[in-house]
Amino acid sequence: MANYSGIQKEETLKSLVHEDYFPQFGYEPNIDNIDFVITDKKARDDLFSDGPGSSRHYLWAEAKKGIYDVYDMFTQLILTCKKTYEKGEHLAPPWLGCFDEARISFVSFHDILPIFIETDFNWNTTPSNHETADFKKARKKVEDLIGAKVLIYNFESDDEDIKEFIKTHFTTGGTVSTKAPITKDNFVQVFIKWVKEVKPSIDITKEEWADFNRKGIPDYDFYRADVLSEGGNTITDRLKIVLENDNYKFHENIGGRLFSAEIKFKDKGEAYVRFWNKYERPPAEIYQKYIIDRRDLLAPRNIREVKGSFFTPKVWADKSKEYLAAVFGENWQDEYYIWDCAAGTGNLLAGLTNKYNIWASDVEEGNVETIQSLIDIDENLNLLPSHVFQFDFLNDYLELSPTDEIHMEKMRRDMAKLETAGLKTILDDPEKRKKLIIYINPPYAEAGNQKMPMGGGDPKIGVSTHNKAKDRYLRFIGAATNELSAQFMARIYDEIPGCKLAVFSKLKFVCTQNFIKFRKFFNAAYKGGFAVRANTFDNVQGKFPIAFTVWDLNGERFPEYIDVDIPEDGGRKRYWDDFNKSINHWIRTFDNPSNGSIGLLICESPDFQKIHQPYLTLLSETRKSRQFFCTETSLILGCVYFSVRLGIEPTWLNDRDQFLFPNDGWKADTVFQHDCLVFTLFHGQNRISTNDGTNHWIPFTEKEVQAKEKFASDFMSAFLTGMTFSPEAQAVLGAGRELWQYYHTAIKDIRSASVNASFYDIREFFQGRKETGTMNATSNDAAYNFLIKGLREKHRILAKKIEPKIYEYGFLKG
């Protein structure tokens, strides 16, 4: 029975856990920052060992001194080990684990694999900081994914169970195999290694490989013949290629001709034997069907998508090439140089043809290795191996600075990367730079408000702060440096002057207030582009546009607007570069004393992204920086603001549109003003409630709704007296009156519900709330559902009437 309470050092805890529970295994602390790695034996002298990474791993675990939340520990481990998994130097273990002083937990590695393609949090967040919004978002994903699958043991009470679990799941017959098993977790990783180590030794020419590919016999069919074999012979007849006595044969009639000749090895099978001495064949029976059925996962494009943190969907990558041809001419691939400096696993470059003019670099060495391994097997990925290299674009140097002696060695190393790849001569030549297209889909992380990639979310503490590009360009582009894609664009514009930029990005840099300094800095001519729904990119949620735009970084002033094509419907959408002040600047120009306030209008960020934020309340929102007091003299102003912000339904296309400081046309339009007042009274974001204070927002008299007692305030009904309303507003008032009347007949007495109920209170009365506190969407009362449905339909008609006025008066630009 182990008791680890009070241990002073984490290293001591790890050592004791190894001694108590894993004595027959090797133990490696801190491999790639993974705290606790259990390997096949303490000291290995394997004839076929190829250095670090060759030993088999059974467990990667996070260790903590003290008492910690299990899912916090698993989340930290998963954030840490993703890079190790993708680099492929160490095959994934069958188990992940975590332990503190009291408990140890295990989960199958296969169960956590789906999270590696999640992209709505920043994978580069600091794993050990459990308080960041990114970590919390990742933690929720982890708990949702593995919550029912985690095995949790207490060291003191479950000592024998822990040992039995390890005996059962970490060994075979009490001994540890010197060969790594092939499972559904790692068979893609093993294939990438096979391509490097075995494929070149097969006696097939490059032309013959191309011929086999055309006939539907790619190299991964040879790999599967290897994997699904025993004693040098394939164990299934469901494959196109089989092994017979350690030589390949075609099992199918291909193209009308039976290929019966054996295919042997150039080196008499030495590389083949050396490779397969490291892996157990055949896989366990439970994995064999999976490997047979999931041939598709070995296709080059799928490997790019599985291995890449983010990738560009093929349909939009292809569409972007059409636009590049339209801008730069049909022969653009021969006449221009192309560099993807955020290449990931190369998806954006697939389909380009002139490999002598294409370069790919990425910050992750694992991504570079994946591209390198795909060059020979993916006929759509035309690259020279020497043109693919590791380069951290936001931190590495693009040129030498003789005055910076401190960093001279680092600069020389970075220059050597560019020179070896053959890019340095292009970057140093002004005329060649004019023929250089930086073609990228960079990461979209933000420090202030981000999804990773592409989207909105909670503030991200520390994201985008740890690179030189942000430090260098902060004074030039300000808050825009919080977004990684803006850092890429700023550095490209400034340090590769005169080049062309073709970029996938959100459209914030074109139209939002936080990017005004960026647009003053980024002097470039817009050449064309298109926008698509963000959720057409895999693993991206949210209704907002992702655009592909092409720019000539020639020093021209940033355009007043850009027009982008919308492939979805064949239309176009205009996005404005708005140096104009926002609607929030407008409303702050009015005197707004709190005396006589009947409610607070909360008015935060002025765009469609914050569509949920404009609301009315009686509660003082001290956390909110922008509040507007609604009084008898300012009520119409508040309702105009409220209606402008909420009168147009948000769509993925208008998500980045900014609400602006209007012209004066609205001042003389009393019909518009009164429409806005009625719109506000019956909108769901009107959260005025009698539970929070006196309700001054009842638009009817007691007699009109047959109230059982006098209202505490007749402010609103008196305010409406004498006003003229459009037919659409009258229809809303009529439907609202019927709802109020039904409410007052439904309450049994004045104690069961408030006679002073607001629109919000009436909805709550009939609809009730969920256990979470959220108001239900519908009611069990059929009559109420009928009335509220009719009111909402008339309210939508009123909104449509208001909409054109919003554009006419300059609150939005069309």
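Guide: Let's start with a loop. Gly-346 sits in the loop between β15 (337-340) and β16 (358-362). Helices (H or I, at least four residues) and strands (E, at least two) are DSSP runs, numbered from the N terminus. Bear in mind that this is a predicted model: local features need pLDDT of at least 70, side-chain atom pairs count only at pLDDT 80 or more, and totals for chains, interfaces and linings use all residues. Residues are numbered from 1 along each chain as its sequence is written, and side-chain values use heavy atoms, with hydrogens and water left out.

Visitor: Is Gly-346 buried or exposed?

Guide: Buried means under 20% relative accessible area, exposed over 50%, and partly exposed in between (1.4 Å probe, protein chains only). Gly-346 counts as buried because its relative accessible area is 0%. Its C-alpha lies 8.7 Å from that of Val-368, 22 residues away in sequence.

Visitor: And Asn-245, buried or exposed?

Guide: That residue is in the loop between β10 (241-244) and β11 (247-250), and it is exposed because its relative accessibility is 59%. Contact means heavy atoms within 4.5 Å. Leaving aside neighbours within four places in sequence, Asn-245 touches Gly-232 and Asn-233.

Visitor: How do I read a sheet?

Guide: Strands of a sheet pair through backbone hydrogen bonds, either parallel or antiparallel. Two strands count as paired if DSSP finds at least two bridges between them. Here, six strands form an open sheet in the order β1-β2-β3-β4-β5-β6, with mixed pairing. Its edge strands, each pairing on one side only, are β1 (26-31) and β6 (151-154). On average, neighbouring strands of this sheet are turned by 25° against each other, direction ignored.

Visitor: How many bridges join β4 and β5?

Guide: Five, in the antiparallel sense, between β4 (residues 95-99) and β5 (residues 103-108). Leu-96, for one, has Val-107 in β5 as its bridge partner.

Visitor: Which strands does helix α1 touch?

Guide: Helix α1 (residues 10-21) packs on the sheet against β1, β2 (34-39), β3 (57-63) and β4, and its direction makes about 155° with that of β1. Axes are lines fitted to C-alpha atoms, for helices over the stretch in contact, and angles run from 0 to 180 degrees between N-to-C directions. Helix α5 (residues 159-170) lies across β3, β4, β5 and β6, at about 140° to β6.

Visitor: What about Thr-39, buried or exposed?

Guide: Thr-39 belongs to strand β2 and counts as buried because its relative accessibility is 4%. Beyond its neighbours within four places in sequence, its contacts include Tyr-27 and His-57.
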